[in-house]
Amino acid sequence: MDRSEGPLKGTVVVDLSRALAGPHTAMLLGDLGARVIKVEQPGTGDETRGWGPPFVGPEEERISTYFLSCNRNKESIELDLKSDDGIEQLTRLVRAADVLVENFRPGVLDRLGFSVGRLEELNPRLVVCSISGFGHDGPEGGRAGYDQIAQGEAGLMSLTGPSSKEPTKTGVAIGDVLAGMNGAQGVLAALVERGRTGRGRVVRTSLLSSIVGVHAFQGTRWTVAREVPSALGNQHPSIAPYGAFACMDGMLQVAVGGEAQWARFAGLLGLDAEDPRFRDNASRVAHREALIAEIEAVLDQGTRDEWLSRIGGAGVPCGAVRTVDQVYEWDQTRSQGLVVSVEHPVLGEVELPGSALRFDPRDPGESEEFGRGYLPPPALGEHNDAVRAWLDEVEREREPAAEPVG
């Protein structure tokens, strides 16, 4: 599906955000066909332009791969929001936009002169997505939000890592990314509502709420059972065997989700499925260490690929543990449109992670293609003139026609 023909075609998004959470929201909207105009500080731009290594490109124009990860499908305009011209141009953008995304600390947008009341006055149809670290109100609502701090404060680090003695962050900035996804979801819901009411709405989310919101069964272990969860490394706290296991030449993962699967898995490995320690899931969880020892003693007799073939052939879910380079070279990854090629103004053709969404063709014979129409992450201020010219055109079209003479 051509991005420019996506479900949000004709929707204009003003992206005032920086770093990852807000830019991720705006990028997801761009993937769906919205026109996203990223507003950046003159000369420096989004601070992630300086986050590295790694940097790529010529020495005189080094480009951060961090910035590339969350700014595809956007245009860039430089505006000094403390200057008269910057305020004027942002005012014009707000009037012309459908959505505004921001992740300033609470109160900053008000001090710039763009409070919620002012935004509604300028454009009653505007949907505003506001992303913060810990929420826009409450006793700690004004705190700055950085992903790893939020992971710790929201309990995620206590659930991750080899043991409760070594709380560990996840390998990606998951709080930022989840907040970005929640922001996009909220915007889409508000746009649907606007279709009924004609009015926009403020959508708020935060790193804290986004992480707590995915605690899932770990949350109810405490809220209902009053059991404090802790880290178990690569094993599941409530299902066994379910996790990573060592074999002759590396690691593989197995997920036994029911008793029928357990019987097949145990039979394949020559284990006694009716052993009282392992007869049902609760017993296996209680005797997890003994179970792991018996499983790995058998798996150590074969290679990872041999066991993956045998276990998968028995109808038991299993998988490899891939490195990131292996993921992007995997045929299955590419078949899902998860790698897209774009023509970058400095780097030439580069590959970027693609959208997680696919849309089936609407008409018989219509082909499904990936990466058509994707815009590369923009150079700083690359679209300064184009965006200002577009605003001029929008305002000319809105001017009332002159009354006829006579």
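User: In what order do the 3 strands of the open sheet lie?
Analyst: The order is β9-β10-β11, with antiparallel pairing. Strands are DSSP runs of E with at least two residues, helices are runs of H or I with at least four, and both are numbered from the N terminus. Two strands pair if DSSP finds at least two bridges between them. This is a predicted model, in which local features need pLDDT of at least 70 and side-chain atom pairs count only at pLDDT 80 or more, while totals for chains, interfaces and linings use all residues. Residues are numbered from 1 along each chain as its sequence is written, and side-chain values use heavy atoms, without hydrogens and water.

User: How many bridges join β9 to β10?
Analyst: There are 6 bridges between β9 and β10 (residues 250–255). Within β10, Gln 253 is the bridge partner of Ala 244.

User: New topic: where is Glu 40?
Analyst: Glu 40 belongs to strand β2 (residues 35–40).

User: Is Glu 40 buried or exposed?
Analyst: Glu 40 has a relative accessible area of 2%, so it is buried (buried is under 20%, exposed over 50%, partly exposed in between, with a 1.4 Å probe and protein chains only).

User: Which residues does Glu 40 contact, beyond its neighbours within four places in sequence?
Analyst: Among them are Arg 49, Phe 67, Ser 76 and Leu 380, where contact means heavy atoms within 4.5 Å.
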